[in-house]
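Dear colleague,

I am handing over a structure to you with this email. Please open it first, and then read my notes beside it.

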Amino acid sequence: MKKFIPFLLALSLALPGFSVQNNSRKVIDFNNNWKFCLNDTIVDGSLVKLDVSNWRTLNLPHDWSIESDFKEDFPASAGGGALPGGLGWYRKTFFVDKKDKQNKVFVEFDGVYQKSKVWINGQLVGYRPNGYVSFSYDITPFLKFGSENVIAVRVDNTQQPNSRWYSGSGIYRNVRLVVTKPVYVEQWGTYITTPVINNDSAALAISTNIKNDMKLRREVKVEQKVYDADGKIVASTDGNLIMLPATSKSMLQTVQIHKPIRWSIENPYLYKIVTSLYVQGLLKDEYVTYSGIREIYFDVTKGFFLNGKPVKINGVCNHHDLGALGTAVNTRALERQLEILKGMGVNAIRTSHNPPAPELLDLCDRMGFLVMDEAFDMWRKKKTKFDYSSDFEEWHVRDLTDQIKRDRNHPSVIIWSIGNEVGEQWGDTPAEDVDLQQANIALNNKKVIENEDTKKGKYGKNALLTRHLADLARSIDPTRPVTAGCNGTQDSNPLFQSEALDLIGFNYHEQEFADITKRHPKTPFIVTESVSSLQTRGFYVNPSDKVLICPERWDKPYTNPTQKCSAYDNCRAPWGTLHEDNWRIIKQYPHVSGQFIWTGFDYLGEPTPYWWPSRSSYFGIVDLAGFPKDVYYMYQSEWTNKDVLHIFPHWNWQPGDTVDIWAYYNKADEVELYLNGKSLGKRSKGEDDLHVMWRVPFEAGNIKAVARLRGKTIMTKEVNTAGEPVTVKLTADRTSIKADGNDLSFVTVELLDKNGNPCPLADQLVRFNVEGQGSIAGTDNGDQNNHTSLKKPERHLFYGKCLAIVQNNGEAGKIILKADVEGVGVKTIELEAK
Ligand code: GAL
């Protein structure tokens, strides 16, 4: 017995940030030292006595699918990322202190893909089919105090396909234990709104759900303290609540904040609210919520307003995978994605098409992004054979409720989306009857569906379902508008006919944007999804003004032996738009609140317009490894104040090639291009243009662009024809990282010729090796067609670049990354974990 350290104590000492005073709750990181086995032949991995000595030991978050090579015959297919599903068991042994016998113990999962079952000491405590929602179980009744306990989690991702994109498999988000006194704030137990905001003061309404799990009646003092970003208390209040035995109650308290500082994109200012519960003068619980003060408003003719000022929502859609890391959530990897997007001018994220990791919303709060928080990709009508549609009826009320309860304090979240292109938008048929009675029961008889209109038969079945979901969302949080991403025709779309959406949400259909207010005169409008342009970073098809629609029509096949898409903005899906064409339309209409471009980053799966051997998407403005494609700079020139002059493509062509050279620029009134010192002419963007172009017969040497404003040179850019590579260049995004076992350094590899020019077509193999306090967490190059596991410590360069992701192992010290490039050389870079 001795070998089991009383881990609650040990961890609370090791992680001071996670633990509060003895009398209050303990939040314990529960990610480390799990046993894992991927095997559907295990009859029962939940048995208390089981020999797991040959199971793997690992730390969560964990995605087992990403560890494999890509294969055509995995049932997820290329659409699901050509990686395996399967059935996985996770187990962990843990000690619970005798002293906690009087306490409550919960295990919280941020997300398990999918159909998870959890056992404590052989007893089943719960099942959750939805792979994206967060959930928690009260495990107190199942625990043995003062002794060892076993938690077992069965994760079932066998039935495939169940997703239109790469889902990942496993306990891919964080897990924690929460230990409270029997009088405590419930999970997601605070709800903070700002009913009044003006320059002098803001009213913060704090509603707290409290549970008394004792057999005694208790008088609870509920104290609220609001801290500003400097840690100063700026408001407080308290009040008393009588709680009967074994009951939950909520308490509403209001505080005034003098001269409130508003949360905004430029200044994402957060207040910290500490809720403390006292019983008989003793502190029983302390619960922390971060929130912000901001006003949001959507206007039918003028679009979106944040804090009274018009803001165009320049957003992107992203899926949840983190490229080579798969779906295993990592805060630094998310932060890097957001930093890259912020650099382009993106101010909003759509969590397509599912609830995100909570860390993403924390980052959006902190970094100043707006969020459209989406719930479902399907309702009752399926999109893939084994998807969530079969769980929808039983689980959607619970899932949507939990999502909104979890996320409603985030100032970044400004829109709830109840669905993306759900099949129900194509019409009402009797087969799609919603079991309204069931839904109403699930809603605790709130009767959100039955009203006078529905009784008179004004709405069809799918419109009723829309009303049901929108009303459910509003019943949990009435402070944000509800929308859905629709691509069905406007006139017969039951989602629009429902009149239940606060925002008309359109995917694509840019030709209809101009007249939208005529058709929906009372409802503001947002482009929930746009563009679907297709690009392979570094690959260009000339002439660049020939638009490549791939495939020609959505239902036709498309093949091209390159398995690549041109990275001029000249290639798109038939339902989509080129980036420039779309932005030209959106920017001119104030009534268009903004858009979410499909997509910010490439993602695993959905390799439109191809299928296997492609296995990841071409839609991203940034590739899967995090390297921007050229169009990134078009947005940067329009959406930021940065000085932009970006010329492309590279200048390593063949004699006889004719190559279009594009320049994205801002702040200048002309750009002149020189080839080997000879002017190829000046170009200026016309009112509608977003780039300028020169058609140039290739001649090796130097291309130079000079941007001028009123005759004065303000920026120059040069590209040289590169010779043979002779040097390896390593660039780390950060050379100093945290020694926390999670932090990452993203190291880019390029090859240079003898004059220091990057070699844009380099494709050599790079072998990585790490010494010291770290390891390779993944490698990538953005190539949609490579089938080597993204976990492998080697990668070819792809159009001149590849990436190694180095992760700290929990110890402080040096990390040396070595990159060995066949025939070119070896280079090392020293990183430090502190
Ligand atoms: C949309 C859909 C997205 C993605 C995209 C590809 O219609 O909402 O999930 O499939 O098409 O263009």
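The model is a predicted one, in which local features need pLDDT of at least 70 and side-chain atom pairs count only at pLDDT 80 or more, while totals for chains, interfaces and linings use all residues. Residues are numbered from 1 along each chain as its sequence is written, and side-chain values use heavy atoms, with hydrogens and water left out.

Helices here are DSSP runs of H or I with at least four residues, and strands are runs of E with at least two, numbered from the N terminus. Helix α4 (residues 389-407) packs with helix α7 (residues 461-476) at an angle of about 30 degrees, and their axes are 9 Å apart; the axes are lines fitted to C-alpha atoms over the stretch in contact, and angles run from 0 to 180 degrees between N-to-C directions. That makes α4 roughly parallel to α7, a term for angles under 35 degrees. On the α4 side, F392, H396, V397, L400, T401, I404 and K405 meet L465, H468, L469, L472, A473 and I476 of α7, where contact means heavy atoms within 4.5 Å. The residues of this contact divide into nine nonpolar, three polar and one charged (Ala, Val, Leu, Ile, Met, Phe, Trp, Tyr, Cys and Pro count as nonpolar, Asp, Glu, Lys and Arg as charged, and the others, Gly among them, as polar).

In helix α10 (residues 579-588), the buried residues are H579, E580, N582, W583 and I586, buried meaning under 20% relative accessible area, exposed over 50% and partly exposed in between, with a 1.4 Å probe and protein chains only. Seen down the axis of α10, these buried residues fall within an arc of 160 degrees, so they line one face of the helix; the arc is that of the directions from the helix axis to the C-beta atoms. Among the elements that cover them are β27 (525-531) and α11 (631-639). The helices α10 and α11 pack at an angle of about 20 degrees, with their axes 11 Å apart, and that makes α10 roughly parallel to α11.

N33 has a phi near 60 degrees, a positive value in a residue other than glycine, and N33 is exposed, with a relative accessible area of 55%.

Conventions. Angles under 35 degrees count as roughly parallel, over 145 as roughly antiparallel, 65 to 115 as roughly perpendicular and the rest as oblique.
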